[in-house]
Amino acid sequence: MANNFLTEFADVILFITHFIKETFTRKFELKEFLHQCFLIGYKSLPLITVTGTIMGFVLTIQSRPVLVSFGAVTMLPGMVAVSLVREMGPVITALICAGKIASGMGAELGSMKVTEQIEAMEVSSTHPMRYLVVTRVWAATLMIPLLVLYADALGIIGSWIGANLKGDVTLTLFFSQAFSHIDFMDFIPAIVKTFFFGAVIGLVGTYKGYNAGRGTESVGKAANSAVVLASLLVLIVDMIAVQITDMLVL
(Lines give C-alpha, C1' and ligand atoms only; values in the text may rest on other atoms or scores of the structure.)
Protein backbone atom coordinates (compact mmCIF):
# COMPACT_ATOMS: atom_id res chain seq x y z
CA MET A 1 0.00 0.00 0.00
CA ALA A 2 2.88 2.34 0.83
CA ASN A 3 4.50 1.54 -2.51
CA ASN A 4 1.27 2.33 -4.34
CA PHE A 5 0.99 5.66 -2.53
CA LEU A 6 4.57 6.61 -3.34
CA THR A 7 4.12 5.61 -6.97
CA GLU A 8 0.92 7.65 -7.22
CA PHE A 9 2.58 10.63 -5.55
CA ALA A 10 5.51 10.45 -7.97
CA ASP A 11 3.12 10.29 -10.92
CA VAL A 12 1.31 13.39 -9.65
CA ILE A 13 4.59 15.32 -9.27
CA LEU A 14 5.67 14.33 -12.78
CA PHE A 15 2.26 15.29 -14.17
CA ILE A 16 2.34 18.73 -12.52
CA THR A 17 5.95 19.27 -13.63
CA HIS A 18 5.05 18.38 -17.21
CA PHE A 19 2.02 20.68 -17.02
CA ILE A 20 4.12 23.63 -15.82
CA LYS A 21 6.71 22.99 -18.53
CA GLU A 22 4.09 22.90 -21.29
CA THR A 23 2.36 26.00 -19.91
CA PHE A 24 5.33 28.25 -20.61
CA THR A 25 6.04 27.08 -24.14
CA ARG A 26 5.58 29.51 -27.00
CA LYS A 27 2.90 27.52 -28.81
CA PHE A 28 -0.03 28.00 -26.46
CA GLU A 29 -3.27 26.49 -27.79
CA LEU A 30 -5.31 29.70 -27.59
CA LYS A 31 -8.23 28.48 -29.70
CA GLU A 32 -8.71 25.34 -27.60
CA PHE A 33 -8.28 27.40 -24.42
CA LEU A 34 -11.11 29.76 -25.46
CA HIS A 35 -13.25 26.75 -26.38
CA GLN A 36 -12.70 25.26 -22.93
CA CYS A 37 -13.53 28.62 -21.31
CA PHE A 38 -16.82 28.54 -23.19
CA LEU A 39 -17.57 24.98 -22.09
CA ILE A 40 -16.55 25.51 -18.46
CA GLY A 41 -17.90 29.02 -18.02
CA TYR A 42 -20.90 29.57 -20.28
CA LYS A 43 -22.20 26.01 -20.20
CA SER A 44 -22.15 26.04 -16.40
CA LEU A 45 -24.27 29.20 -16.08
CA PRO A 46 -27.69 27.46 -15.83
CA LEU A 47 -26.49 25.18 -13.02
CA ILE A 48 -24.75 28.03 -11.16
CA THR A 49 -27.81 30.26 -11.62
CA VAL A 50 -30.05 27.77 -9.85
CA THR A 51 -27.44 26.97 -7.20
CA GLY A 52 -26.62 30.59 -6.37
CA THR A 53 -30.25 31.69 -6.13
CA ILE A 54 -31.28 28.76 -3.93
CA MET A 55 -28.20 29.22 -1.76
CA GLY A 56 -29.16 32.80 -0.81
CA PHE A 57 -32.85 31.96 -0.55
CA VAL A 58 -32.36 29.04 1.84
CA LEU A 59 -29.80 30.90 3.96
CA THR A 60 -32.28 33.75 4.43
CA ILE A 61 -35.22 31.49 5.26
CA GLN A 62 -33.15 29.60 7.85
CA SER A 63 -31.56 32.69 9.44
CA ARG A 64 -34.52 35.09 9.61
CA PRO A 65 -36.40 33.45 12.54
CA VAL A 66 -33.27 33.53 14.71
CA LEU A 67 -32.58 37.17 13.93
CA VAL A 68 -36.23 38.07 14.56
CA SER A 69 -36.07 36.48 18.01
CA PHE A 70 -33.11 38.74 18.85
CA GLY A 71 -34.68 41.81 17.25
CA ALA A 72 -31.88 42.00 14.70
CA VAL A 73 -33.77 41.36 11.48
CA THR A 74 -32.19 44.48 9.94
CA MET A 75 -28.84 42.65 10.06
CA LEU A 76 -30.15 39.94 7.73
CA PRO A 77 -28.87 41.43 4.41
CA GLY A 78 -25.40 42.06 5.82
CA MET A 79 -25.16 38.62 7.41
CA VAL A 80 -26.19 36.87 4.21
CA ALA A 81 -23.82 38.98 2.10
CA VAL A 82 -20.83 38.29 4.35
CA SER A 83 -21.62 34.57 4.50
CA LEU A 84 -21.97 34.30 0.74
CA VAL A 85 -18.92 36.36 -0.19
CA ARG A 86 -16.50 34.95 2.37
CA GLU A 87 -17.36 31.26 2.48
CA MET A 88 -20.59 29.78 1.17
CA GLY A 89 -20.44 31.22 -2.34
CA PRO A 90 -16.88 30.13 -3.17
CA VAL A 91 -17.04 26.69 -1.52
CA ILE A 92 -20.48 25.55 -2.69
CA THR A 93 -19.88 26.84 -6.22
CA ALA A 94 -16.49 25.08 -6.33
CA LEU A 95 -18.05 21.81 -5.12
CA ILE A 96 -20.75 22.05 -7.77
CA CYS A 97 -18.09 22.72 -10.41
CA ALA A 98 -16.04 19.81 -9.10
CA GLY A 99 -18.99 17.53 -9.72
CA LYS A 100 -19.66 18.88 -13.21
CA ILE A 101 -16.26 19.90 -14.57
CA ALA A 102 -13.87 17.40 -12.96
CA SER A 103 -16.10 14.46 -13.86
CA GLY A 104 -16.45 15.75 -17.42
CA MET A 105 -12.70 16.10 -17.84
CA GLY A 106 -12.05 12.70 -16.31
CA ALA A 107 -14.61 10.97 -18.52
CA GLU A 108 -13.56 12.80 -21.71
CA LEU A 109 -9.82 12.25 -21.35
CA GLY A 110 -10.41 8.75 -19.99
CA SER A 111 -12.37 7.78 -23.10
CA MET A 112 -9.62 9.27 -25.27
CA LYS A 113 -7.09 7.19 -23.37
CA VAL A 114 -9.12 4.00 -23.80
CA THR A 115 -9.59 4.57 -27.55
CA GLU A 116 -5.87 5.42 -27.88
CA GLN A 117 -6.56 8.92 -29.22
CA ILE A 118 -3.92 10.38 -26.89
CA GLU A 119 -1.28 8.01 -28.27
CA ALA A 120 -2.36 8.94 -31.79
CA MET A 121 -1.82 12.62 -30.97
CA GLU A 122 1.69 11.84 -29.77
CA VAL A 123 2.47 9.93 -32.97
CA SER A 124 1.19 12.82 -35.10
CA SER A 125 3.55 15.27 -33.32
CA THR A 126 0.67 16.93 -31.45
CA HIS A 127 1.46 17.61 -27.81
CA PRO A 128 -1.49 16.09 -25.90
CA MET A 129 -0.38 17.60 -22.59
CA ARG A 130 -0.36 21.08 -24.08
CA TYR A 131 -3.57 20.63 -26.06
CA LEU A 132 -5.67 18.59 -23.62
CA VAL A 133 -4.39 19.41 -20.14
CA VAL A 134 -2.92 22.92 -20.14
CA THR A 135 -5.94 24.46 -21.85
CA ARG A 136 -8.45 22.78 -19.53
CA VAL A 137 -6.59 23.56 -16.31
CA TRP A 138 -6.13 27.23 -17.14
CA ALA A 139 -9.70 27.55 -18.36
CA ALA A 140 -10.97 26.13 -15.06
CA THR A 141 -8.58 28.37 -13.10
CA LEU A 142 -9.92 31.51 -14.78
CA MET A 143 -13.58 30.63 -15.16
CA ILE A 144 -14.43 29.38 -11.66
CA PRO A 145 -13.69 32.76 -9.97
CA LEU A 146 -16.09 34.39 -12.46
CA LEU A 147 -18.71 31.75 -11.72
CA VAL A 148 -18.26 32.39 -7.99
CA LEU A 149 -18.85 36.13 -8.43
CA TYR A 150 -21.93 35.35 -10.50
CA ALA A 151 -23.21 32.94 -7.83
CA ASP A 152 -22.61 35.55 -5.09
CA ALA A 153 -24.68 38.14 -6.94
CA LEU A 154 -27.52 35.70 -7.54
CA GLY A 155 -27.30 34.54 -3.93
CA ILE A 156 -27.99 38.07 -2.72
CA ILE A 157 -30.93 38.32 -5.13
CA GLY A 158 -32.21 34.99 -3.85
CA SER A 159 -31.84 36.32 -0.31
CA TRP A 160 -33.92 39.36 -1.23
CA ILE A 161 -36.64 37.04 -2.57
CA GLY A 162 -36.58 35.06 0.67
CA ALA A 163 -36.72 38.24 2.77
CA ASN A 164 -39.83 39.40 0.92
CA LEU A 165 -41.77 36.27 1.77
CA LYS A 166 -42.48 37.67 5.25
CA GLY A 167 -41.50 41.27 4.75
CA ASP A 168 -41.42 44.12 2.29
CA VAL A 169 -38.04 45.50 1.29
CA THR A 170 -36.99 46.94 -2.06
CA LEU A 171 -34.10 45.44 -3.99
CA THR A 172 -32.22 48.74 -3.85
CA LEU A 173 -32.52 48.99 -0.06
CA PHE A 174 -31.61 45.31 0.38
CA PHE A 175 -28.46 45.67 -1.73
CA SER A 176 -27.55 48.87 0.12
CA GLN A 177 -27.84 47.15 3.50
CA ALA A 178 -25.98 44.07 2.24
CA PHE A 179 -22.98 45.89 0.83
CA SER A 180 -22.73 48.26 3.78
CA HIS A 181 -21.47 45.33 5.87
CA ILE A 182 -18.79 44.13 3.46
CA ASP A 183 -15.73 45.89 2.14
CA PHE A 184 -13.12 45.27 -0.52
CA MET A 185 -10.93 43.20 1.81
CA ASP A 186 -13.77 40.70 2.20
CA PHE A 187 -13.54 39.91 -1.52
CA ILE A 188 -9.77 39.50 -1.82
CA PRO A 189 -9.26 36.27 0.22
CA ALA A 190 -12.44 34.77 -1.22
CA ILE A 191 -11.51 35.48 -4.83
CA VAL A 192 -7.86 34.47 -4.44
CA LYS A 193 -8.77 31.04 -3.11
CA THR A 194 -11.20 30.45 -5.99
CA PHE A 195 -8.25 30.50 -8.41
CA PHE A 196 -6.74 27.65 -6.39
CA PHE A 197 -10.11 25.87 -6.43
CA GLY A 198 -10.16 26.11 -10.22
CA ALA A 199 -6.57 24.88 -10.55
CA VAL A 200 -7.25 21.92 -8.25
CA ILE A 201 -10.41 20.94 -10.11
CA GLY A 202 -8.69 21.20 -13.49
CA LEU A 203 -5.58 19.31 -12.42
CA VAL A 204 -7.49 16.50 -10.73
CA GLY A 205 -9.93 16.06 -13.62
CA THR A 206 -7.23 16.00 -16.28
CA TYR A 207 -4.87 13.82 -14.23
CA LYS A 208 -7.48 11.15 -13.58
CA GLY A 209 -8.56 11.09 -17.22
CA TYR A 210 -5.06 11.31 -18.67
CA ASN A 211 -3.89 8.39 -16.53
CA ALA A 212 -6.98 6.21 -16.88
CA GLY A 213 -6.58 2.50 -17.46
CA ARG A 214 -7.18 0.59 -20.68
CA GLY A 215 -10.56 -0.98 -19.97
CA THR A 216 -13.92 0.70 -20.50
CA GLU A 217 -14.59 0.53 -16.76
CA SER A 218 -11.65 2.86 -16.20
CA VAL A 219 -13.61 5.75 -17.76
CA GLY A 220 -16.28 5.59 -15.08
CA LYS A 221 -13.65 5.12 -12.38
CA ALA A 222 -11.70 8.13 -13.65
CA ALA A 223 -14.80 10.35 -13.59
CA ASN A 224 -15.90 9.12 -10.16
CA SER A 225 -12.48 9.44 -8.53
CA ALA A 226 -12.01 12.88 -10.09
CA VAL A 227 -15.19 14.16 -8.42
CA VAL A 228 -14.35 12.67 -5.02
CA LEU A 229 -10.73 13.83 -4.97
CA ALA A 230 -11.47 17.28 -6.38
CA SER A 231 -14.22 17.89 -3.80
CA LEU A 232 -11.95 16.75 -0.98
CA LEU A 233 -9.07 18.95 -2.13
CA VAL A 234 -11.38 21.95 -2.48
CA LEU A 235 -12.32 21.59 1.19
CA ILE A 236 -8.68 21.16 2.20
CA VAL A 237 -7.62 24.24 0.21
CA ASP A 238 -10.47 26.18 1.80
CA MET A 239 -9.37 25.12 5.29
CA ILE A 240 -5.81 26.27 4.56
CA ALA A 241 -7.04 29.55 3.08
CA VAL A 242 -9.22 30.25 6.13
CA GLN A 243 -6.25 29.63 8.44
CA ILE A 244 -3.99 31.93 6.41
CA THR A 245 -6.68 34.62 6.30
CA ASP A 246 -7.18 34.36 10.05
CA MET A 247 -3.44 34.70 10.70
CA LEU A 248 -3.23 37.75 8.43
CA VAL A 249 -6.37 39.18 10.12
CA LEU A 250 -7.96 40.00 6.78
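Trainee: How much space lies in the largest pocket?
Mentor: In this predicted model, the largest pocket holds about 270 Å³ of space.

Trainee: And which residues line the largest pocket?
Mentor: The lining is made up of Glu8, Val12, Phe15, Ile16, Val200, Leu203, Val204, Tyr207, Lys208, Leu229 and Leu233. The elements that give two or more residues to this lining are helix H1 (2–23), helix H8 (184–210) and helix H9 (217–248).

Trainee: Which helix gives the largest share of the lining?
Mentor: That is H8, which contributes five residues to the lining of the largest pocket.

Trainee: How many of the lining residues are nonpolar, polar or charged?
Mentor: Sorted by class, the lining has nine nonpolar residues and two charged ones, while no polar residue takes part.

Trainee: Switching to helix packing, at what angle do H3 and H4 pack?
Mentor: As background, two packed helices are described by the angle between their axes and the distance between the axes. For helix H3 (residues 45–69) and helix H4 (residues 76–114) the angle is about 140°, and their axes are 10 Å apart. Angles over 145 degrees count as roughly antiparallel and those from 65 to 115 as roughly perpendicular, so H3 and H4 are oblique to each other.

Trainee: Which residues of H3 and H4 meet, and what classes do they fall into?
Mentor: On the H3 side they include Leu47, Ile48, Thr51 and Met55, and on the H4 side they include Leu76, Met79, Val80 and Ser83. The residues of this contact divide into 13 nonpolar, seven polar and two charged. H3 passes H4 in a right-handed crossing.

Trainee: What about H2 and H6, how far apart are their axes?
Mentor: The axes of helix H2 (residues 30–40) and helix H6 (residues 128–163) are 8 Å apart, and the two helices pack at an angle of about 45°. H2 and H6 are therefore oblique to each other, and their crossing is right-handed.

Trainee: Which residues in H2 meet H6?
Mentor: They are Glu32, Phe33, Gln36, Cys37 and Ile40, and among the H6 residues that they meet are Tyr131, Trp138, Met143 and Leu147. Counted by class, the contact of H2 with H6 has ten nonpolar, two polar and two charged residues.

Trainee: One last thing, what is the phi of Glu116?
Mentor: Glu116 has a positive phi of about 60° although it is not a glycine. For context, most residues other than glycine have a negative phi.

Trainee: And where is Glu116 found?
Mentor: Glu116 sits in the loop between H4 and helix H5 (117–123).

Note on methods: Residues numbered from 1 in each chain as written. Predicted model: local features only at pLDDT ≥ 70, side-chain atom pairs only at ≥ 80, totals over all residues. Heavy atoms only, no water. 1 Å grid on protein atoms, 1.4 Å probe; cavity = no way out; pocket = protein on both sides within 12 Å on 5 of 7 lines; lining within 4 Å. Points joined across faces, edges and corners; volume = space filled by probe spheres on them. Helix = DSSP H or I, 4+ residues; strand = E, 2+ residues; numbered from the N terminus. Nonpolar A, V, L, I, M, F, W, Y, C, P; charged D, E, K, R; others polar. Axes fitted to C-alpha atoms, helices over the stretch in contact; angles between N-to-C directions. Parallel < 35°, antiparallel > 145°, perpendicular 65-115°, else oblique. Left-handed = near helix turned anticlockwise from the far one by under 90°. Contact = heavy atoms within 4.5 Å.
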